[in-house]
Amino acid sequence: MKMLLAQNKGLIFRSFPKGCYISSICKKFSSSCNGSSEVDGKAVFTVDGVNKKFTGNNDGIRKGVDDVCCILESGPWGPTLENSLSAFGEKPLPELVIGVLKRLKDASAAVNYFRWAEKQTEQVHCPEAYNLLVMIMARSTKFDHLEHILEEMSLHGFGPSSNVSIELVANCVKSRKLREAFDIIQTMRKFKFRPAFSAYTILIGALSEVHEPDPMLILFHQMQELGYEVSVHLFTTLIRVFSREGRVDAALSLLDEMKSHSLDADIVLYNVCIDCFGKAGKVDMSWKFFHEMKTHGLMPDDVTYTSMMGVLCKANRLDEAVELFEQLEQIRKVPCAYAYNTMIMGYGSAGKFDEAYGLLERQKAKGSIPSVIAYNCILTCLGKKRRVEESLRIFEEMKRDAAPNLPTYNILIDMLCREGKLDAALKLRDEMERAGLFPNVLTVNIMIDRLCKAQKLDEACSIFEGLDSKVCTPNAITFSSLIDGLGKCGRVDDAYRQYEKMLDSGHVPGVIVYTSLIRSFFKCGRKEDGHKIYKEMVHAGCSPDLTLLNTYMDCVFKAGETEKGRALFQDIKGHGFIPDTRSYSILIHGLVKAGLANETYELFYAMKEQGCVLDTHAYNAVIDGFCKSGKVNKAYQLLEEMKVKGHPPTVVTYGSVIDGLAKIDRLDEAYMLFEEAKSNGIKLNVVVYSSLIDGFGKVGRIDEAYLIMEELMQKGLTPNVYTWNCLLDALVKTEEISEAFVCFQSMKDLKCSPNQITYSILINGLCRVRKFNKAFVFWQEMQKLGFKPNTITYTTMISGLAKAGNISEACGLFSRFKANGGIPDSASYNAMIEGLSSANKAMDAYSLFEETRLKGYSINTKTCVVLLDALHKAECLEQAAIVGAVLKETAKSQHASRSS
């Protein structure tokens with residue numbers, strides 16, 4: 001399509017930059033365009049929002065459409081394809097043509113078929129077919145045949161629909177083809193068509209983004225010619241572009257035109273006029289607009305004042321700007337930051353440092369934090385006056401309010417160099433580089449380090465991979481930061497690959513790299529790889545530091561390798577280091593977790609003798625060790641010592657002591673400490689609450705346990721499975737089984753999944769109140785969930801089933817328990833013997849009787865009596881005699897113990 005703007009006299013259409021597309025333009029300036037609908041499950045176009053149904057035989061038409069589309073998709077247009085289409089034998093009906101066009105997406109194929117169908121029928125296509133064809137061109141942005149098609153439509157007495165014209169322009173804008181969009185509208189006008197309102201506004205908005213006022217004005221006037229109602233918003237868009245281009249007369253002309261349309265300017269338009277006319281050097285005109293808006297009942301806002309002050313400052317009319325700022329201060333208690341920046345810049349440009357700095361102090365006094373722009377203005381002003389020391393003082397002060405940027409450093413470096421203070425300038429340059437403000441390896445290191453710490457690893461890797469070795473080569477720090485970041489986020493294999501790259505590039509990994517890799521591998525559960533890294537470090541001749549040894553020891557303890565952890569503690573001395581507070585803390589914590597809390601006392605005094613100064617972490621480790629080893633009083637003393645030495649106890653500290661007190665039934669003291677922690681503002685966690693619930697529950701103080709649980713939930717905390725188990729255990733031990741089941745249901749309602757211990761508690765509780773059948777139901781449910789019962793649950797269930805007379809289930813469970821390596825207790829054997837005896841299985845009961853005696857378990861008198869009776873009934877007289885003898889011996893020993 002060759003259309004030139006020569007038709008529009010005086011218009012020069014500049015070439016548009018490639019990056020001119022603004023994605024929001026369509027949303028900003030258009031009404032919604034029609035989308036697609038479906039025919040036979042495939043996407044098709046709709047015109048004017050209507051998906052018209054085929055008339056006649058729909059199934060036949062649909063099949064015809066399928067066949068035609070299949071042929072059109074089989075290859076390029078040519079005689080062979082035309083012959084295939086002609087083979088249908090009948091002339092294509094309008095419904096068929098429409099159906100096919102709705103399916104097609106390729107503009108060339110659509111035009112060829114359109115023309116072929118036209119020749120076959122020797123009739124003009126209907127408007128819908130033409131609109132569909134144009135829609136295909138719009139969506140594919142292929143306009144080679146568009147002008148000819150539009151001309152035909154004009155000759156036939158109809159034109160493109162509103163939605164089609166919008167689609168034509170919108171797709172051009174989306175494809176950044178603004179020239180084509182403009183040409184399309186001009187072509188439509190050429191053939192006397194009426195482009196849609198939204199087509200104009202979409203294109204005007206797009207042109208405003210690339211500063212093309214002339215085509216915008218042509219489109220604007222065409223809209224008026226067509227009778228479209230133009231808004232203040234449209235006038236504002238045009239005035240802004242003309243003003244910024246310095247074409248003040250055209251902008252004023254638009255303003256007069258707007259007034260002639262009886263449109264009232266809004267505050268946005270006035271702000272645009274003040275700013276743009278002022279920047280064009282028309283200060284008096286800006287003042288005129290400022291005062292005019294007041295007469296029209298519009299109150300200037302922060303943007304209005306800031307724009308006007310900026311205009312006055314640039315025109316060296318500082319006194320007027322100051323007067324305006326004082327007006328703003330009277331209206332606004334705290335003017336916006338932009339207003340302060342504008343005035344500080346104004347003072348700075350005029351060389352009035354004292355006034356600029358005074359205003360900055362005033363800004364801070366009002367609670368408004370000055371920006372880096374404000375500080376840069378003041379530094380520039382000081383630079384002009386060569387007041388270096390004062391500049392450096394302001395620079396240090398600035399850091400409390402705003403982060404220095406590249407211009408900040410440039411101002412200061414320039415100032416120092418001019419004063420001959422080269423060393424200070426280099427020092428400042430180094431500081432600038434450390435802040436990542438210069439594109440060298442340090443900048444890269446800072447960026448990678450910050451991104452890794454923010455867990456934006458893909459971005460960090462992208463920067464690293466994108467480094468140009470000719471410009472910037474990564475150093476050991478670069479690799480260290482990336483390895484550490486990847487490792488901390490669990491990407492240990494990627495971290496190790498970077499470690500290998502580091503070796504390949506000739507850099508020697510330092511102790512920091514090895515520390516990071518060891519920690520990362522252990523954290524991911526790959527302890528063997530962690531040990532391997534340590535060996536690699538030793539083999540490479542890199543000597544570990546105390547931080548690495550402490551980290552390695554901590555990892556080893558957490559991996560359950562207690563003896564290896566002990567050995568590493570000794571290695572610290574072997575490497576010439578003295579174990580520090582952290583070394584002892586790790587050792588104590590590791591031993592406590594391994595159940596060796598009794599060693600805490602000795603280690604604590606070794607720390608004291610060595611002169612280690614305990615920090616909060618160390619105190620917590622030692623206090624926990626004392627509590628776990630039963631030395632709660634000592635732990636309490638350390639808690640008080642912490643406070644005296646200025647180490648506020650944490651939730652961990654209070655949690656350890658509260659748990660220690662609760663476990664030895666000193667619940668009132670535990671509760672007092674609990675209240676003290678709350679009064680000190682400590683946010684207590686579920687672990688602390690659970691300790692108290694467990695403690696109160698075990699001594700039967702159920703009401704207190706419930707109150708603690710209630711408070712926990714009121715604080716917004718969620719009880720975990722341990723918390724619920726503590727409460728359930730307390731309830732079943734007091735035989736509050738009904739309440740226990742209410743509690744169990746609440747637990748499930750709160751999405752807390754019961755575990756093996758939960759079911760064991762309930763089963764034991766049900767057996768305790770002789771509800772054996774219900775206990776067995778829970779036993780089966782527990783098995784279905786994949787939980788493995790513990791020894792207590794097994795023996796409880798076996799005894800319960802036997803006592804309930806479910807002897808076959810009891811026997812099966814008893815056998816499985818032993819087969820799985822379980823060791824039944826005396827209660828299980830006695831219950832099984834009684835159950836088998838009651839079920840008339842006397843010899844089976846006798847076999848268990850013998851097994852019980854061999855294991856050295858005691859047999860109850862009642863058990864012997866029940867078995868003896870069963871043996872007599874079964875006429876097993878020999879076995880009965882043995883049981884009778886055991887019964888006599890048991891009676892004698894009991895009589896003897898009572899006599900003594």
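Helix 36, residues 651-663, packs against helix 37, residues 667-679, at an angle of about 160 degrees. Their axes lie 8 Å apart. Axes here are lines fitted to C-alpha atoms, for helices over the stretch in contact, with angles from 0 to 180 degrees between N-to-C directions. Helices are DSSP runs of H or I, at least four residues, numbered from the N terminus.

A word on the source. This is a predicted model, where local features need pLDDT of at least 70, side-chain atom pairs count only at pLDDT 80 or more, and totals for chains, interfaces and linings use all residues. Residues are numbered from 1 along each chain as its sequence is written, and side-chain values use heavy atoms, with hydrogens and water left out.

Back to the pair. Helix 36 and helix 37 are therefore roughly antiparallel (over 145 degrees).

Who touches whom? Helix 36 brings Tyr654, Val657, Ile658, Leu661 and Ala662. Helix 37 answers with Leu667, Glu669, Ala670, Leu673, Phe674, Glu676 and Ala677. Contact means heavy atoms within 4.5 Å. By class, that contact has 10 nonpolar, no polar and two charged residues. Ala, Val, Leu, Ile, Met, Phe, Trp, Tyr, Cys and Pro count as nonpolar; Asp, Glu, Lys and Arg as charged; the others, Gly among them, as polar.

Next, helix 4, residues 94-103. Eight of its 10 residues are buried, meaning under 20% relative accessible area with a 1.4 Å probe, protein chains only. Among the buried ones are Leu96, Val97, Ile98, Lys102 and Arg103.

Last, cysteines. Cys752 is buried, at 12% relative accessible area. Cys864 is buried too, at 1%. The disulfide count is zero, taking a pair of cysteine sulfur atoms within 2.5 Å as a disulfide.

Definitions and conventions. Helix = DSSP H or I, 4+ residues; strand = E, 2+ residues; numbered from the N terminus. Parallel < 35°, antiparallel > 145°, perpendicular 65-115°, else oblique. Buried < 20%, exposed > 50% of the residue type's maximum accessible area, 1.4 Å probe, protein only.
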